[in-house]
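Work through the exercises below with the structure open. Try each task before reading its solution.

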Amino acid sequence: MTELPWWFWPFLVTLILIAIHTYFGLHVISRKVLFVDLAIAQIAALGSTVAFLFGFETADPVTYGCSLVFGVIGAWVFSVTRTRDDRVPHEAIIGLAFAIASAAAILMSAENPHGAEHLRDIMAGSILVVTPAEVRTDFVIYSAVGAFHWVFRKNFLAVSLDPEGAARDGLNVQRWDFIFYLTFALIVTMSVHIAGVLLVFCLLIAPAVCGALFSSNFRVRLVIGWVTSIIAAILGLMVSSRYDWPPAPCIIAVYAAILVGAGLVGKIRGAPNKGRAMSEIALAGGALVLTAFAMVSFLRSEVAQRFRVAEPGHAEVHPEHVAPEHGLGTTASELIAGLTDEHDSVREKAAEALAALGSPEAADALEKALAIRGEDEWIRVRVADALVRSGGKRGMEALLDLAANGEARAVRTEALTVAARFANKPKAPLPELTAWWKQASDSARWDPAAGVFRD
Amino acid sequence: MRYSILALLMFVAPFSSPAFGLEVVATLPDLAKIAEAVGGDRVHVTAITSAVQDPHFVDPKPSFVVKLRDADVFLISGLELEIGWVPPLLDGARNPKINAGAPGYVDCSRGIPVIERPTGEVTRAMGDAHPLGNPHYLLDPLNGVIVARTIAEALGKADPAGAADYAARSKAFGRTISEGMFGKALVDEVGESKLDRLARSGELDAFVAKGGVALGGWMGKMRPFAGKKIVFYHRSFSYFAERFGLVVADYVELKPGIQPGPSHLADLITKMKKEGIKVVGTHAFYDEKVANLVAAKAGAKLLVVPLASTGSSYAQLFDTLTGQFATAL
């Protein structure tokens, strides 16, 4: 099997979304219920939050079923609240439903520490990671819904475009409204899960707006919407690929450019004096560019200034955060300073280095280091080692003491090995060394070249 | 009747709080667990976040403010991990004992050798970058020991009568972690602070090879997998990887906290196939879809690991993690 390019499935799923959403978008625009998809998506999300509360995972079919049930309830609410009473616009009820469903979902997630992430998951699908199985399911269900709407197209168009006329013709408007919202809820719930709220909203509304700018015929609008959406999807995915940005926002950004272009063309076409309209647009465009330029340069200079001021006092950078190995020098005086460093690893390395150096000027500092209370016994071994090599006999006593009384067995072994080497009696047991040191300590002379005591 | 309840409350209220000793609040659950180990029954510890939550983003709840108002000691992870939500909470709590700069405000990152500190200018374009370095230092058990010492010192300042007790418990905690880390036999043989230094300087293997006692514990368990490459979702596992010798070859995220784009994912999958990377690590609170896709396409295993201990002790975190990685690698 050859590897499909990354954009294959995202593009395919976007095409499927475009096909059905452009159609539904025209209905939504005619009904003036622009935010109904957000409200239904949020109500469906509330449904899956409920399932989640009972312990079902996001991907579980039960969760999905639960969100569909909530979507149906939402569809019913929106069909019965569509009245001819002008005092309460339908959009107000849809907005309230959105707010109430959001608040309820947050409240339900409050006791669940995973809740916030879960809420984010439901609303933030990404076409980038869509699976072939999801594309197949979508295709089947969307086709079925599309076919259903095609069969009953007269009824659906009538209740959306002219509900009063439809009622006069004996159509049960409320029932067909319910069926409309039911199919819409099914589509939106699935789409939002796959593509995220933003892209679904854009693919729903933007093509309908483009179509409405140029025609009042439903079919012509549909074709214009499809064409612009496909162009936006192709360009958007190209931008996404070129700059490695998430695809959905890229498609939306391209659509923004298309909408602006279409709006300008529509304005010029409709204006009585085309030359004047064009100069007005040029003026407004120039003003916008200037404002943007001024804002960017202001923000740049402002941020540069603030950072300069804030830098020194800014964070609590602790000097200890720097790895302790840094800053240990190589000269005797630097190493001597290292003996009293606060980091044990630095003290150990300093003692090791002083042992290699064997410099008599370090003897005093090493004697002091040996007297540090509570010092780690491994460091004491290294300090005693260095002290002997710097000519301090106290170091040998310390080694013998550590070999006898060291807490860790490995420390005792190490101290004994070092002491035996200094005594030029490798492999000698501790009692023999102790006895030898007792009578030889006064007369023994340190031979730095050989690294042993001479009697 | 109503008055008698009121009278009862007035009588009980002044005694209810100090009976527990010090009130300690920690931002992270593992800080709380270490504080419990160090404080014993002299302290009462509460954690603000739970182990399954993303510590970068926390929605403030009213109870947080109430907890902080009564706190004597406030433990934060520091390194700007909690910068998004701790300052407003402290403002709301109005508790001078734990304001930034007060002795009750304890930045537990003090004394930690921090890694991945960005050099040069840090901008928002770099994503959710941490200008002070990687703040997930508790994933190295040896850093947990440093934190225990810091906490013991802070508790000792707030409750001088217990200072010796805290110091002793912090030492015992260090011993427990060291034994878990290297195995009891090796700690008995060599001593914990020497092993700590050897592990940090990278000389542990050479040292152990010379002696007669084998490396045990978590380090021993992970030793066979040293040098293995893994991919991680976020830069949250650097300390663990560094300590146990794993190599984090790449990240699913393009920049910290920013969702990846398509070509990064494609490159990542190619790279994983080429280098034979078999594990993608992530946390439960990240988008599983993306990590799953990467793992499936690259023929690797998705490993959802905890960022904090879900058990009763800090040490259990490493039992879990080393077990998970040892099975997956």
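**Exercise 1. Find the residue of strand 4 of chain B that stands opposite I76(B).**

Step 1. Note the ground rules: this is a predicted model, where local features need pLDDT of at least 70, side-chain atom pairs count only at pLDDT 80 or more, and totals for chains, interfaces and linings use all residues. Residues are numbered from 1 along each chain as its sequence is written, while chains are lettered from A and ligands numbered from 1 in the order in which they are written.

Step 2. Locate the elements. Helices (H or I, at least four residues) and strands (E, at least two) are DSSP runs, numbered from the N terminus. Strand 4 of chain B covers residues 105-107.

Step 3. Read off the partner. D107(B) stands opposite I76(B).

Step 4. Follow the chain between the two strands. From strand 3 of chain B it passes through helix 4 (residues 86-93) of chain B to strand 4 of chain B. This β-α-β crossover is right-handed (with the strands pointing away from the viewer, the path from the first strand over the helix to the second runs clockwise).

**Exercise 2. Decide which residues of strand 3 (residues 73-76) of chain B are buried.**

Step 1. Use the cut-offs: buried means 20 or more other C-beta atoms within 10 Å of the residue's own, exposed means 12 or fewer, and partly exposed lies in between; C-beta atoms are placed from the backbone.

Step 2. Check each face. V73(B) and L75(B) are buried on one side. F74(B) and I76(B) are buried on the other. Both faces are covered.

**Exercise 3. Are L79(B) and E80(B) buried or partly exposed, and why?**

Step 1. L79(B) sits in the loop between strand 3 and helix 4 of chain B, and E80(B) is in the loop between strand 3 and helix 4 of chain B.

Step 2. Count neighbours. L79(B) is buried because it has 26 C-beta neighbours inside 10 Å. E80(B) is partly exposed because 19 other C-beta atoms lie within 10 Å.

Step 3. Check the backbone. Phi is near 55 degrees in L79(B), a positive value in a residue other than glycine. For E80(B), phi is near 65 degrees, a positive value in a residue other than glycine.

Terms used. Two strands pair if DSSP finds at least two bridges between them.
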